[in-house]
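Open the structure in your viewer and keep the selection tool at hand.

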Amino acid sequence: MTLIIRQMREEDIFFVQEIAKSSWHDTYEGIIPKKVQERFLQIAYSKESLLKRRQKSSFLVAVLDESLVGFANFSKTNNGQAELFAIYLVPNMQHKGIGTALLENGIQQLENPTTLTVCVEKENTIAMRFYQAKGFQFVEEFDDLFDGHVLKTIRMALLFPR
């Protein structure tokens, strides 16, 4: 099995959209209503939105044996601060080191980071455990109004030693 982490290309967009959809439906079943998920996915993962995100941020894809199986989206470093917007994998590809590879590659591309933050839905325990295992610490919990639906959100941060 050969895993390649690289920047997203325009021809990857359909696969990124499919991964986002399957991952969201699998992860947020019973947490976020399906209609809210669908509206978010249509906007955030439209071709136009993905092309903009690719230009303004680091958008990595994971290719396993020539199949796109995951992606991660990082902000660029601003005064040492960076944000991880998303790591999503095809549901049956979790626990195989792919998320870790995406995270590590994304961090390597950041310029002199001091902090990497990520927001996680509180009931997304798989993601919470993943980030805790990678050294992320709890920062705060807050309510996030998400298309009329209130989400309990946890902000976590990974601090980089100077």
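This tour of a predicted model goes from a helix pair to a strand residue and then to a hairpin.

**Stop one: two helices**

Select residues 13-28, helix α1, and residues 34-44, helix α2. Look along both axes. They lie 11 Å apart, and the helices pack at an angle of about 155°. Angles over 145 degrees count as roughly antiparallel, so α1 is roughly antiparallel to α2. The crossing of α1 over α2 is right-handed.

Now show the side chains where the helices touch. Which residues of α1 meet α2? Pick Ala20, Lys21, Trp24, His25 and Tyr28. On the α2 side, pick Lys34, Gln37, Glu38, Phe40 and Leu41. Colour this contact by class: 5 residues are nonpolar, 2 are polar and 3 are charged.

**Stop two: Arg6**

Move to strand β1, residues 3-7, and click on Arg6. Which side chain does Arg6 join through a polar contact of 2.7 Å? The partner is the side chain of Asp12. Next, show what else surrounds Arg6. Leaving out residues up to four places away in sequence, Arg6 touches Phe59, Leu60, Val61 and Val63 as well as Asp12.

**Stop three: a hairpin**

Select strand β6, residues 137-146, and strand β7, residues 149-159. In what sense do β6 and β7 pair? They pair in the antiparallel sense, over 9 bridges. Find Phe146: opposite this residue stands His149 in β7. Then step into the turn of the hairpin, where 2 residues sit between the strands.

Note on methods: Residues numbered from 1 in each chain as written. Predicted model: local features only at pLDDT ≥ 70, side-chain atom pairs only at ≥ 80, totals over all residues. Heavy atoms only, no water. Axes fitted to C-alpha atoms, helices over the stretch in contact; angles between N-to-C directions. Helix = DSSP H or I, 4+ residues; strand = E, 2+ residues; numbered from the N terminus. Parallel < 35°, antiparallel > 145°, perpendicular 65-115°, else oblique. Left-handed = near helix turned anticlockwise from the far one by under 90°. Contact = heavy atoms within 4.5 Å. Nonpolar A, V, L, I, M, F, W, Y, C, P; charged D, E, K, R; others polar. Polar contact = N/O pair within 3.5 Å; in protein donor to acceptor, adjacent residues only side chain to side chain. Pairing = 2+ DSSP bridges.
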